[in-house]
Amino acid sequence: MKRPSYFSLYEIALLSLFGALVFVLRAAIVVPIHTPGSSGVFWVLPLVVGAALVRKPGAGTYAGLVSGLLASFFGIEPLHVFDIFKYTAMGITIDLVSIAFGYRLDNPLVGFIAGAAGNVVKMVVNYAVHLLLGVQGVFILLGIGFSSATHIIFGGIGGVIAALIVGRLYRAGVVHQDDVPDEG
Amino acid sequence: MEFGRRVVLAVVVLAAVVAASFLIDTAVSQAYAPEGGSADSLLQTAAIDRYDLRYGPQSWRPYATPIAIGPGDLPSGSWYLAFVDLGVVPVGGNPALARTGSVRVDYRFTDLAGTASLGAYGLHVGDGRAWTNRQSGYGTSGYYVSGTAAPGDSPRWATPLPEGDRYVVEVAGSPRPVDEDAARNTRTLWFERINSGLDGLHITTDLAARKGQVTETTDLDGSFYVTYTGGNRVGGLFLMVAVDRPQPETFGLALESTFVEDNR
């Protein structure tokens, strides 16, 4: 007897699209305010919404992995294949926050925490990869204070926007908090 | 644990991350920042002579792929190169968050033979990538000075730079080593890929035209600005001085660099 897959076909399609959306937003939108982490406003949106809609552990990780694979294959960022780590880490963090708060991602406070944590973990993983590749620590660590604060603020803003979207989708009846679409 | 407590705990964790980051940042800044290029208005000076032209003869200057030194798109001629640390860095980014500005460079050549090409090289704080001014296409900038002195003997101490995307160059004007075992003051210019690192630094004679222009002059005494239009931190700024003739014994170049804050 065939073992049912963890994610249904519908969920895989949905999460893949959200993962691709992260990549598209990263490639298409440049926030011209020259502040570290500002693009996180857009990056965390699809991951938080995806995790909220699928409501299964691993949903954010899957979408993050898809976006990381796309980013590394298209080479839009300097780390190329190592970009997979930071996008996936962002997804894992959003998953962990979602589990810790019982998937109440329609709450703007939870949205802020999920987005901020995801964006700041992405920053930490990015720095760690640079260190592993042999970049001098002093180059990485200078400015990390301001950078971590802005990553948290911008990621948090993205998370709040995602929570508002999820809340509207719940209230409009497009998706239901209790319905887990697990049948392909 | 109830929902409210979990929220408070998460916020405390995020605040702790920021606090720890600022602590690390402050410690590292105090330990290392004085060694980097400064963005204050103090005048920095440098002087080079013919013995500082340690690289060449070659037709190209460092980038991810060889690019021309002289005016035009294609590498040509036989040039001798030196790299001078200007000691001051331009600052870009959001003017509400940083004291942004450019670097004014005043130069004075003595007994220049042929043409001197001046190019800007900047080092990226964070990962060591380098920028330089664009050599061809839209947004090209550069500065060329022509002199009339008679050429000197070929510099036997000069050797061409090996081609690649990573160049270890000696900083001109620093004390010359007495033997080959002595440590040399070097910097690594690393260009990650073609078409990257060409649109941050510019050379201009008019701060209103921040993206710069190509200037060809016969004035042996003059000034220009190095502007930065990116949002990252520039950790060091170097001036490439290239000449297309062997220089006479009396050749010299004096440089004065100072940070010029943007008008707001």
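1. Basis. This is a predicted model, in which local features need pLDDT of at least 70 and side-chain atom pairs count only at pLDDT 80 or more, while totals for chains, interfaces and linings use all residues. Residues are numbered from 1 along each chain as its sequence is written, chains are lettered from A and ligands numbered from 1 in the order in which they are written, and side-chain values use heavy atoms, without hydrogens or water.

2. Chain B overall. Chain B has one helix and 16 strands (DSSP runs numbered from the N terminus: helices are H or I with at least four residues, strands are E with at least two). Of its 264 residues, 49% are buried (under 20% relative accessible area; exposed is over 50% and partly exposed lies in between, with a 1.4 Å probe and protein chains only). The accessible surface of chain B is about 12300 Å², and carbon and sulfur atoms hold 52% of that surface (Shrake-Rupley method, 1.4 Å probe; for residues, only the protein chains shown count as cover).

3. Contacts in chain B. Among contacts with a separation of 6 or more, 79% join residues 24 or more positions apart (contact means heavy atoms within 4.5 Å).

4. Aromatic pairs. Over all chains there are 18 aromatic pairs (rings of Phe, Tyr and Trp, the last by its six-membered ring, with centres within 6.5 Å; planes under 30 degrees apart are stacked, over 60 edge-to-face, the rest tilted). The rings of A:Tyr6 and A:Phe7 have centres 4.8 Å apart and planes at 65 degrees, so this pair is edge-to-face. A:Tyr6 is partly exposed at 48% relative accessibility, whereas A:Phe7 is buried at 10%.

5. A tilted pair in chain B. B:Phe109 and B:Phe251 have ring centres 6.3 Å apart and planes at 40 degrees, so the pair is tilted. B:Phe109 lies in strand 6 (residues 101-110) and B:Phe251 in the loop between strand 15 (234-243) and strand 16 (252-261), so the pair ties together parts 142 residues apart in sequence. B:Phe109 is buried at 4%, and B:Phe251 is buried at 3%.

6. Ring cluster. B:Tyr55, B:Tyr63, B:Phe83, B:Tyr121 and B:Phe191 are linked into a cluster by ring pairs.

7. Charges over rings. The charged end of A:Lys56 sits over the ring of A:Tyr6, 5.4 Å from its centre (NZ of Lys or CZ of Arg within 6 Å of the ring centre and within 35 degrees of the ring normal). B:Arg50 lies over the face of B:Tyr51, 5.4 Å from the ring centre.

8. A buried lysine. A:Lys86 lies in helix 4 (residues 83-100) of chain A and counts as buried at 4% relative accessibility. Leaving out residues up to four places away in sequence, A:Lys86 touches A:Glu77, A:Lys122, A:Val125 and A:Asn126.
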